[in-house]
Amino acid sequence: MSGMKHTRRTLLGLSLSLTLSAGWLHGQTAQGPTPAAAAPVVPKSPAPLDRVTLENKIDELLAAWAKVNGFSGTVLLASKGQPLFAKGIGYANVEWQIPNTTTTKFRIGSVTKQFTSMLVMQLREQGKIKIEDSVCVYVAPCPAAWKPVTIHHLLTHTSGIPTYTAIASWRETNMVPKTIEQMVAIFRDLPLQWVPGERYAYNNSGYFLLGVVIEKASGKKYEQALQDMILTPLGMTDTGYDWSKTILARRASGYSGRGSAIVNSPALDMQQPYAAGSLYSTVEDLLNWDQALYTEKLLPAAAKQIMWTPFKDGYAYGWNIGEPAAALFGGHRRVAHSGGINGFSCVIVRLPGPNVTVIVLGNNDSVSASNIGRDIGAIYYGQPYTVPALLALTN
């Protein structure tokens, strides 16, 4: 790229793979020497774009992602709860050529974790859970090694319990139905990888166990607690636990690859993601969820402050907290999370300061929803962004 003249958009001829935890989502990235104090980032106002121009620019971006990288899904950009752009791209079902729409239901993978953390905090408010409790208060049988592991450690990915999704034997059989007890047995007897609270590493075992904690504390199945405590109060009728056997209207099929190489994604027993990644939703329902978080419908302000306070590496309770960075989302603080599961990639980015929301739900796991969301934010704030292209760099 040396010697090339840079415009506001850089055209790259490449296909980006799925980034499950994109670096820009985190408040802290690679470890290194403590940098000198930087000048405070001054947040930007949105670019002076009329509605038609904004829509055209996002349309152009999404068309390129679809053509070059095989993106299909639904995208929403909102300000103060009002959609500025909401559109489906590509097909919910490629074989039947059924288009994606704003009411198409997608598996949301690890975006599930923010719902799980909300349930934990709600049960805390009810006096049924203490964040400082050992996981052994709620999980039985519980190995002695887990006694120092607290609910806080599970919520922040700092427990030291090995994540089952990194175990090769699990990956080889994850389409075979298992019970909750059989799933916990996969990692129960493995040694801790570090002293609880000492390190951060993304961990699905921790959030799986939080599902067990929720069931024990609430006296209800995870999906019923979710329905009673979040979905019904908010009127989220297009969100729920995505059991494969359920006949679910407007559910997207999941894919991998692009062009002539696109294939149906591998099967997955949906008991296995559980409280770490089992839900489906729509962009419209997730906007409803996003806006409810500005209120106290579900949780008092003080409890939400605890939920959104990062512990290590910018991770709080089910959310990545991104401190203001001049090059991202207009320099605004970000509360976000991405998700990836067989056939699907998604991201929700909340900018609490200006109340701006970006949601990308995709049904092709070869495409990074996080990068698309980042670029939509760049368009909105008039910052540089990349457009995939089949051709060499042009101006």
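How many residues lie between β2 and β3 in their hairpin, and which residue in the turn has a positive phi? The hairpin has two residues between its strands, and K80 in the turn has a positive phi of about 55°. The model is predicted: local features need pLDDT of at least 70, side-chain atom pairs count only at pLDDT 80 or more, and totals for chains, interfaces and linings use all residues. Residues are numbered from 1 along each chain as its sequence is written, and side-chain values use heavy atoms, with hydrogens and water left out.

Six strands follow the order β3-β2-β14-β13-β12-β11, with antiparallel pairing. Strands (E, at least two residues) and helices (H or I, at least four) are DSSP runs, numbered from the N terminus. Two strands pair if DSSP finds at least two bridges between them. β3 (82-89) and β11 (320-322) stand at the edges with a single partner strand each, so one side of each lacks a neighbour in the sheet. From one strand to the next, the twist averages 15°.

Strand β2 (residues 73-79) is joined to β3 by seven bridges. G73 stands opposite I89, and T74 has G88 as its bridge partner. Seven bridges also pair β2 with β14, in the antiparallel sense. Here A78 is partnered by T357. Seven of the seven residues of β2 are buried (under 20% relative accessible area with a 1.4 Å probe, protein chains only; exposed is over 50%, partly exposed in between). G73, V75, L77 and S79 are buried on one side, and T74, L76 and A78 on the other.

Helix α8 (residues 283-292) touches β2, β3, β13 (344-351) and β14 (356-362), contact meaning heavy atoms within 4.5 Å. Its direction makes about 145° with that of β14. Helix α10 (residues 369-381) lies across β2, β3, β12 (334-341), β13 and β14, also at about 145° to β14. Angles run from 0 to 180 degrees between N-to-C directions, and axes are lines fitted to C-alpha atoms, for helices over the stretch in contact.

Elsewhere, helix α2 (residues 112-125) packs against helix α7 (residues 222-234) at about 75°, with the axes 11 Å apart. The two are therefore roughly perpendicular (65 to 115 degrees; under 35 is roughly parallel, over 145 roughly antiparallel, the rest oblique). Contact residues include F115 and L119 of α2 and Y222 and M229 of α7.
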